[in-house]
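Dear colleague,

Please find the structure below, together with its sequence.

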Amino acid sequence: MTEEAAIESPCIRECRVDQVTGFCVGCFRTLREISYWETYTPAERRRVMTLVETRRIADASRFPGN
């Protein structure tokens with residue numbers, strides 16, 4: 001398995017953009033990150049995945065209990 005194949009899209013098919021954050025409410029990526037995902041190198045995908053995790057944590061603290 002190649003390194004690129006190991007970094008799959010975080011999409012969970014809950015595609016809606018939060019108007020406050022600008023992130024997809026399902027995968028926490030921007031529209032640009034979503035549209036460029038297939039062209040990203042493994043390093044770029046890892047960078048986006050790090051941002052996604054940071055955004056998930058921030059979102060969880062924005063709405064405690066959800």
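**Salt bridge**

The structure holds one salt bridge, a term for a side-chain nitrogen of Lys or Arg within 4 Å of a carboxyl oxygen of Asp or Glu. The partners are Glu 33 and Arg 55, with their closest N and O atoms 2.7 Å apart. This pair links distant parts of the chain, as Glu 33 belongs to helix H2 and Arg 55 to helix H3 (residues 42-62), 22 residues apart. Are the two partners buried or exposed? Glu 33 counts as buried because its relative accessibility is 7%, and Arg 55 is buried as well, with a relative accessible area of 13%. Here, buried means under 20% relative accessible area, exposed means over 50%, and partly exposed lies in between (1.4 Å probe, protein chains only).

**The model and its confidence**

Please note that this is a predicted model, in which local features need pLDDT of at least 70 and side-chain atom pairs count only at pLDDT 80 or more, while totals for chains, interfaces and linings use all residues. Residues are numbered from 1 along each chain as its sequence is written, and side-chain values use heavy atoms, with hydrogens and water left out. The pLDDT is the predictor's confidence in each residue, from 0 to 100. Its mean over the chain is 90, and 88% of the residues reach 70 or more. Among the elements, helix H1 (residues 3-6) has the lowest mean pLDDT, 57, whereas helix H2 (residues 31-36) has the highest, 98.

**Overall build**

The chain has three helices and zero strands, and its elements run α-α-α from the N terminus on. Helices (H or I, at least four residues) and strands (E, at least two) are DSSP runs, numbered from the N terminus. Of the 66 residues, 24% count as buried. Val 25 is placed in the loop between H1 and H2 and, at 28% relative accessibility, is partly exposed. The C-alpha atoms of Val 25 and Cys 15 are 6.6 Å apart, although 10 residues separate the two along the chain.

**Aromatic residues**

A pair of aromatic rings is described by the distance of the centres and the angle of the planes. Rings of Phe, Tyr and Trp (its six-membered ring) pair if their centres lie within 6.5 Å; planes under 30 degrees apart count as stacked, over 60 as edge-to-face and the rest as tilted. How many aromatic pairs does a search of the whole structure find? It finds two. The rings of Tyr 36 and Tyr 40 are stacked, because their centres are 6.5 Å apart and their planes stand at 15°. The rings of Trp 37 and Tyr 40 have centres 6.3 Å apart and planes at 70°, so this pair is edge-to-face. Tyr 36 is partly exposed, at 37% relative accessible area, whereas both Trp 37 and Tyr 40 are buried.

Arg 29 lies over the face of Trp 37, at 5.2 Å from the ring centre. A charge sits over a ring if NZ of Lys or CZ of Arg is within 6 Å of the ring centre and within 35 degrees of the ring normal.

Yours sincerely
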